[in-house]
Amino acid sequence: MTTGRTPTPFPFMEAPIGVFDSGYGGLTILRYLRKLLPEYDFLYLGDNARAPYGKHSLPTIYEYAREAVSHLFACGCPMVIIACNTVSAHALRLLQQVDLPTSSDPSRRILGVIRPTVERLGELTRNGHVGILATPATVKSNTYLLEVNRLHPEIQLTQQAPKMWVSLIEGGEYQANEGVNYFVRRNIEELLRKDPRIDTIQLACTHYPVLLPRIREFVRDDIVIAEQGMIVAESTQKYLQRHPEMERRLSKNGISHFLTTEEDGEFAEMAGLFLHARLAEDMVDQVQLR
């Protein structure tokens, strides 16, 4: 963590909520945050140049996440939401329990996406059989299993890790075609074969909502498909209601700005797919993390 705060380079949004992801997927979280909390300022950081994080070692994931969160803190964010399941699974606890308490401002906060998602599962499932679709790195961490056992021991959780979905989405292959349908159908069938009683499927990767129309084609009508975006947005809203001392620190101009570690024009073009809104290039800045 940084030891001191540098002057914010965004005077038009002095104390925004920071939203961080290793790439584009976190924009699906930001989309719902902006919808539910439109008066707040948001500063999004995508470490696209080093994505996907799942291919890196755990120490590397932690170091990259630490650099990103430090950058957002230095930009004036009192609170950062890690809108990435891989980082939430592998680095959130260290950031919260080791880095933040020794930083220059321990009153800042770092929130993840897994805990609020698991908290909601108990309300979504009717029979206690839940499927999780997540990246291989998230599934391998067993974080969802541990959190479900802690909060909802009555739920039987089944995990499936589609290996191609993120690559398809970021490669622009998300519309209905023979190849996309094959990979989506295969993973849905494998998940339901593991537990045919599943009545709720949680999309536990922030990229996967892009494939939602394809996923619905291969899922029974009685199965609930849950996205994380609204869950995290509602959890953030409740958090701010419980913590007025944080709510008062946040700037409220209804402005969003975007940072990326890749070429900013490329980011602006791709971001629209996840955000459901076009970004002007002056809304995006390229940054270097270290």
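Figure 1. Arg 249 is located in the loop that links α12 (244-247) to β9 (256-260); helices (H or I, at least four residues) and strands (E, at least two) are DSSP runs, numbered from the N terminus. The model is predicted, and local features need pLDDT of at least 70, side-chain atom pairs count only at pLDDT 80 or more, while totals for chains, interfaces and linings use all residues. Residues are numbered from 1 along each chain as its sequence is written, and side-chain values use heavy atoms, with hydrogens and water left out. Arg 249 counts as partly exposed because its relative accessibility is 32% (buried means under 20% relative accessible area, exposed over 50%, partly exposed in between; 1.4 Å probe, protein chains only). Leaving aside neighbours within four places in sequence, Arg 249 is in contact (heavy atoms within 4.5 Å) with Ala 15, Pro 78, Asp 105, Ser 107 and Arg 108. The side chains of Arg 249 and Asp 105 are joined by a polar contact of 3.0 Å. A polar contact is a pair of N or O atoms within 3.5 Å; within protein, one must be able to donate a hydrogen and the other to accept it, and residues adjacent in sequence count only if both atoms are side-chain atoms. Between Arg 249 and Arg 220 there are 29 residues in sequence and 45 Å in space, C-alpha to C-alpha.

**Figure 2. The open sheet containing β5, β6, β7 and β8.** This sheet of 4 strands has the order β6-β5-β7-β8, with parallel pairing; two strands pair if DSSP finds at least two bridges between them. The edge strands, each pairing on one side only, are β6 (156-160) and β8 (224-226). Neighbouring strands of this sheet are turned against each other by 20 degrees on average, direction ignored. β5 and β7 are joined in the parallel sense over 4 bridges, and Leu 133 stands opposite Leu 203 in β7. Strand β7 (residues 200-203) also pairs with β8 in the parallel sense, over 3 bridges, with Thr 200 opposite Val 224 in β8. Both faces of β7 are covered, with Thr 200 and Gln 202 buried on one side and Ile 201 and Leu 203 buried on the other. Helix α9 (residues 178-194) lies across β5 (129-133), β6 and β7 and runs at about 150 degrees to β6. Axes are lines fitted to C-alpha atoms, for helices over the stretch in contact, and angles run from 0 to 180 degrees between N-to-C directions.

**Figure 3. Strand β2 and its pairing with β1.** In strand β2 (residues 42-46), 5 of its 5 residues are buried. Phe 42, Tyr 44 and Gly 46 lie on one covered face, and Leu 43 and Leu 45 on the other. Strand β1 (residues 17-21) pairs with β2 in the parallel sense over 5 bridges, and Leu 43 is the bridge partner of Gly 18.

**Figure 4. Packing of helices α2 and α4.** The axes of α2 (residues 58-74) and α4 (residues 92-99) come within 10 Å and cross at roughly 60 degrees. α2 is therefore oblique to α4; angles under 35 degrees count as roughly parallel, over 145 as roughly antiparallel, 65 to 115 as roughly perpendicular and the rest as oblique. Tyr 62, Ala 65, Arg 66 and Val 69 in α2 meet Leu 94, Leu 95 and Asp 99 in α4.
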